[in-house]
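I opened a new page for this one. These are my notes, in the order I looked things up.

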Amino acid sequence: MALVLPSAKRSDAYAFEYFDVRIVPTDPPPDNDRKRIGLVEVFYGGKWGTICAEGWGFNEVAVACRKALVDYSFVLHKGWEHDAGNVSATVWLQNVTCTGHERNLDECQSDNKWMPHSCPSGKAAGAACYEISTISGSQSLSPFMADSLGNRYTAFEGNAYLSVETGVQMYLALCSVRWTDEDAAVFCRQMSNRRRYRTYTKSFFGAHSSTIADVSVAPFPVDFVCDGTEAALLDCPAQASNKNGICYEGNDAGAACLFREEPANFTVRLVGGSDINAGRVEVEYQGTWGSVGSVSGGDRDLNYGDVVCRMLDMGYATDVSPHQDDFGQSDKPVVVTGVDCTGAEPSLAQCGEYLEFVNDKLSNMTRDDTVVYCSGQVDKSRY
């Protein structure tokens, strides 16, 4: 279904300033009052003027929408192609070129800006935007990930959502029609400054559910156009996913986000066995070989083993078991604790939000002497 959220309008008492932008309706009012469609005008020298449509495109409309509208906005499908008619007597800007990140058209490049132009085409620049008052800024949103059943991870990977924290709480399921590595990188950065590991499209983790923990979920049919440097998704230019304003089923966006920077020279080994594919797990951290601290939960299962085997380039785990006498008992300090893997992580250093690196030289922590059996090297396309 299409996203339907309320919108706010600018007060008629608003005092115009130099370089202000407005969108003057050129058609009958649309059936959806959240749409802003019309002629783009700019205010300079005490009067309003138009913009020549030559070179006018998505990035330019994204900036015009951002400046002209009070609340968060994005560009409607091909909103830069809106026919706004002919230019007026005063054409303030021509050949405007924006990156899409500017706060105002005055920050964009143009030919001899803020002087009358002839505009060879005679066509005025128009815009078609969509405004959402429920989303007033990046501070009102929290990104998170969840699986197709709606289970919110303390998450390494999953479907990508934004939680709207103002007004009535709701979750927005992000759409993957044009979901890119750059978009996923910004999503991860916004989520506690994490780094992107993988990008997923086409509902890789299954379709989103209609609710998560009794909170309604709505698809968000918006394509972010990030360059990967932005601090938050709402800082990116954006456009509607299609002309119908719908994110069709099977297009959930997803991501895998690293929890932390990988420590330098962080490695693992299997010790105590006669076969290189099996042994007790030890890790190297800051030049010290040590043990994994004993924690409850997912450390003694195949997920944990899969990550260990992946780090060793030895395929996947065939078995994971508690301490076995045949492999001996560690006398080394605990160097990492709080390990809780999903099995998809590239390293034990990414296993869990609460993982900690320590150097327990006094050996006060309980060691985990779990034994991992690896399959041996396999074709990497299998895992």
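I count a disulfide when two cysteine sulfur atoms lie within 2.5 Å. With 105° about the S-S bond, I get a right-handed link for Cys98 and Cys108. The sulfur atoms of this pair sit 2.1 Å apart. Cys98 and Cys108 are both in the loop between strands E5 (91-93) and E6, ten residues apart. I took helices (H or I, at least four residues) and strands (E, at least two) as DSSP runs, numbered from the N terminus. Cys98 and Cys108 are both buried, where buried means under 20% relative accessible area with a 1.4 Å probe, counting protein chains only.

A note on sources: this is a predicted model, where local features need pLDDT of at least 70, side-chain atom pairs count only at pLDDT 80 or more, and totals for chains, interfaces and linings use all residues. Residues are numbered from 1 along each chain as its sequence is written, and side-chain values use heavy atoms, leaving out hydrogens and water.

Next I looked up how many disulfides the structure holds: eight. One of them joins Cys65 to Cys129, S to S 1.9 Å. This link is left-handed, at -75° about the S-S bond. Cys65 is in helix H1 (residues 58-68) and Cys129 in strand E6 (residues 126-132), so the pair ties together parts 64 residues apart in sequence. I found Cys65 and Cys129 buried too.

Then I checked Cys226 and Cys236, joined by a disulfide with S to S 2.1 Å. The torsion about their S-S bond is about 105°, so this disulfide is right-handed.

Last, the whole protein chain: I noted three helices and 23 strands, with 52% of its 383 residues buried.

Technical notes:
Buried < 20%, exposed > 50% of the residue type's maximum accessible area, 1.4 Å probe, protein only.
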